[in-house]
Amino acid sequence: MMNKKQELLRALTEINTIKFGEFTLRSGKTSPVYIDLRPIIAYPKLLRELSCALWDRVKNLQTTLLCGVPYTALPIATCISLDQDLPMVICRKEAKEYGTKKQVEGIFKKGQNCLVIEDVVTTGGSVIKTIDVLQQQGLQVTDVVVLVDRQEGGREALEAKGYRLHSVFTLDDLYQGS
């Protein structure tokens, strides 16, 4: 009988969010594995299962706020927010050029601890950019939770800045599960 992690990995592979072959990543590197979780929004039950797996990794942390890294992690963060009754903020990639010109949307207080949620970490760059914006607004970030750590320096980059990375899967797990 498969455990929950194996079942989740199988389901993600079945809907083609995890692909094996030869792919060029955003970083320009080539990889035998491509992970694209954007289609997860078409599978509400699987989105909830994925969100629960992420939450299980960090449920013992003290956090009062959630933030999904734009864009793929936003529905995941929303699902966790609804299931756990935790408020979330949205960090825009760029500040609005109109109205309030905010880059962080939501209701929060300076000093609140914000858990950052991401789908995949490779180098950690997009997570660090998001954290920087949150900290500029006075929020505290100590932890990041991701579905997949590609094991390409992201964990080390985050740890060098004092953040803890919690992952459901590593790239090694994906190879073993394929």
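Which residues does D149 touch, not counting residues up to four places away in sequence? The legends below refer to a predicted model, and the first of them gives the answer.

**Figure 1**
D149 is found in strand β7, which spans residues 143-149. Leaving out residues up to four places away in sequence, D149 touches V121, R155, L165, S167, F169, T170 and L171. The relative accessibility of D149 is 4%, and D149 therefore counts as buried, the cut-off being under 20%. L37 is 112 residues away from D149 in sequence, and the C-alpha atoms of D149 and L37 are 14 Å apart in space.

**Figure 1. T170 in strand β8.**
T170, one of the residues touched by D149, lies in strand β8. Strand β8 covers residues 164-170. Is T170 buried or exposed? T170 has a relative accessible area of 17% and is buried, because this value is under 20%. Apart from neighbours within four places in sequence, T170 is in contact with V148, D149 and Q151.

**Figure 2. Helix α1 packed on helix α2.**
Two packed helices are described by the angle between their axes and the distance between the axes. For α1 (residues 4-14) and α2 (residues 44-58), the angle is about 140° and the axes are 11 Å apart. An angle over 145 degrees would count as roughly antiparallel, so α1 and α2 are instead oblique to each other. The crossing of α1 past α2 is left-handed. On the α1 side, the residues that meet α2 are L8, A11 and L12. On the α2 side, L46, E49, L50 and A53 meet α1. By class, this contact of α1 with α2 has six nonpolar residues, one charged residue and no polar residues.

**Figure 3. The buried face of helix α1.**
L8, L9, A11 and L12 are the buried residues of α1. Looking down the axis of α1, these buried residues fall within an arc of 165°, so they line one face of the helix. What covers the buried residues of α1 includes helix α2, helix α6 (171-177), and strands β1 (18-24), β7 and β8.

**Figure 4. Helix α2 crossing helix α3.**
How do the axes of α2 and α3 cross, and what is the angle? The axes of α2 and α3 (residues 73-84) cross at roughly 75° and come within 9 Å. The two helices are therefore roughly perpendicular to each other, as angles of 65 to 115 degrees count as such. From α2, the contact is made by L47, R48, L50, S51, C52, L54 and W55. From α3, P75, I76, C79, I80, D83 and Q84 take part. The contact residues of α2 with α3 divide into nine nonpolar, two polar and two charged.

Most residues other than glycine have a negative phi, and most peptide bonds are trans. N16, in the loop between α1 and β1, has a positive phi near 70°. The relative accessibility of N16 is 46%, and N16 counts as partly exposed. D85, in the loop between α3 and β4 (88-91), also has a positive phi, near 55°. Is D85 buried or exposed? D85 is exposed, because a relative accessible area of 69% is over 50%. D85 is 37 residues from T122 in sequence, with 29 Å between their C-alpha atoms. A cis peptide bond, with omega of about 0°, joins P70 and Y71. Y71 lies in the loop between β3 (65-68) and α3.

**Figure 5. N113 in the loop between β5 and β6.**
N113 is found in the loop between β5 (104-105) and β6 (114-121). Which residues is N113 in contact with, leaving aside its neighbours within four places in sequence? The contacts of N113 are Q62, T63, T64, L65, Q140 and T142. S27 is 86 residues from N113 along the chain, and the C-alpha atoms of N113 and S27 are separated by 30 Å.

How values were computed: Residues numbered from 1 in each chain as written. Predicted model: local features only at pLDDT ≥ 70, side-chain atom pairs only at ≥ 80, totals over all residues. Heavy atoms only, no water. Axes fitted to C-alpha atoms, helices over the stretch in contact; angles between N-to-C directions. Helix = DSSP H or I, 4+ residues; strand = E, 2+ residues; numbered from the N terminus. Parallel < 35°, antiparallel > 145°, perpendicular 65-115°, else oblique. Left-handed = near helix turned anticlockwise from the far one by under 90°. Contact = heavy atoms within 4.5 Å. Nonpolar A, V, L, I, M, F, W, Y, C, P; charged D, E, K, R; others polar. Buried < 20%, exposed > 50% of the residue type's maximum accessible area, 1.4 Å probe, protein only. Arc of directions from axis to C-beta.
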